[in-house]
Amino acid sequence: MLYDDFYVKSLIQTIEDWPKEGISFRDITPIFTDPKGMRMVVDAYVHRYMSEDISHIACIDARGFLIAAVLAYELQKPLILIRKKGKLPGKTVSQKYALEYGEAELEIQEGAVQSGDRVLLFDDLIATGGTLFAAIKLLTEQGASIKEVAAIIDLPDLGGSEKLRETGIPVFSLCAYDGE
Ligand code: AMP
C-alpha cells in the first residue's frame, strides 16, 4: 500500500504534558488499531529495506518491537530484542542512558549479534537519541555494524537524529514533528 504521510500523521495522537509537564507525548498506538495505517507503515519499511544488505533487525523495548517484528517476518531476517533491564534471561550486557524524561538501562543477550552482522536498528521515535546510542553501543560492542537506524517519528529539535548522522550512521524516519 502506498505510504500517505497525511494519513499516518492523522493517526498519531499528541498528549500534552505526559508523562511530565512540558513533554508532548507522540502516541503511535492508534496506528496499531488501524489496519490500513499499520499496513502503510510496515510496507514503507518493507519497500525501503527489501533489497538492502541487512543481516539482522534489532528493536527497542517496547513499541519498537511491534513494527520490527512484522518487518523481520516480511523480510525474513532474524529479530534481536533490546530490552529494559531485568527482562532478558541468561547472560546479558547492559548500558545505562539518559532519556528525554529520566534515566533508564537497556540490555541485550550475550552473543545476540556477532562480528560481521549488519543490523537495521528500529525504534518508534528519536528524541535526544540517548536510547538509540545505548542500543548501538550494545550492538557494536558485540562486533555488529549498524546499517541504518529507522523510526516512525523524528523530533529533530531534540537533536538525536543529527547526532546519529554525525557519527556516520544513516537515519530514516517516516515523519517528523517540530518542538519537543
Ligand atoms: P531518546 O532516547 O531521547 O531519543 O527518546 C526516545 C525513546 O523515548 C523512544 O523509545 C520513545 O519511545 C520515547 N520517547 C521520548 N520522547 C518521546 C515523545 N515525545 N513521545 C513519545 N515517545 C517518546
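User: Which side chain does the side chain of H56 make a polar contact with?

Analyst: That of S55, at 2.8 Å. A polar contact is a pair of N or O atoms within 3.5 Å; within protein, one must be able to donate a hydrogen and the other to accept it, and residues adjacent in sequence count only if both atoms are side-chain atoms. This is a predicted model, where local features need pLDDT of at least 70, side-chain atom pairs count only at pLDDT 80 or more, and totals for chains, interfaces and linings use all residues. Residues are numbered from 1 along each chain as its sequence is written, and side-chain values use heavy atoms, without hydrogens and water.

User: Is H56 buried or exposed?

Analyst: H56 counts as buried, because its relative accessibility is 11%. Buried means under 20% relative accessible area (1.4 Å probe, protein chains only).

User: What is H56 in contact with, beyond four places in sequence?

Analyst: P78, I80, V113, D117, R118, V119 and L120. Contact means heavy atoms within 4.5 Å.

User: Which strand is H56 in?

Analyst: Strand β3, residues 56–60. Strands are DSSP E runs of at least two residues, and helices are H or I runs of at least four, numbered from the N terminus.

User: Now the sheet. What's the strand order?

Analyst: β5-β6-β4-β3-β7-β8-β9, an open sheet of seven strands with mixed pairing. Two strands pair if DSSP finds at least two bridges between them. The edge strands, β5 (92–99) and β9 (171–176), each pair on one side only.

User: How many bridges join β4 to β6?

Analyst: Two, and these strands run antiparallel. K84 stands opposite L106 in β6.

Notes
Buried < 20%, exposed > 50% of the residue type's maximum accessible area, 1.4 Å probe, protein only.
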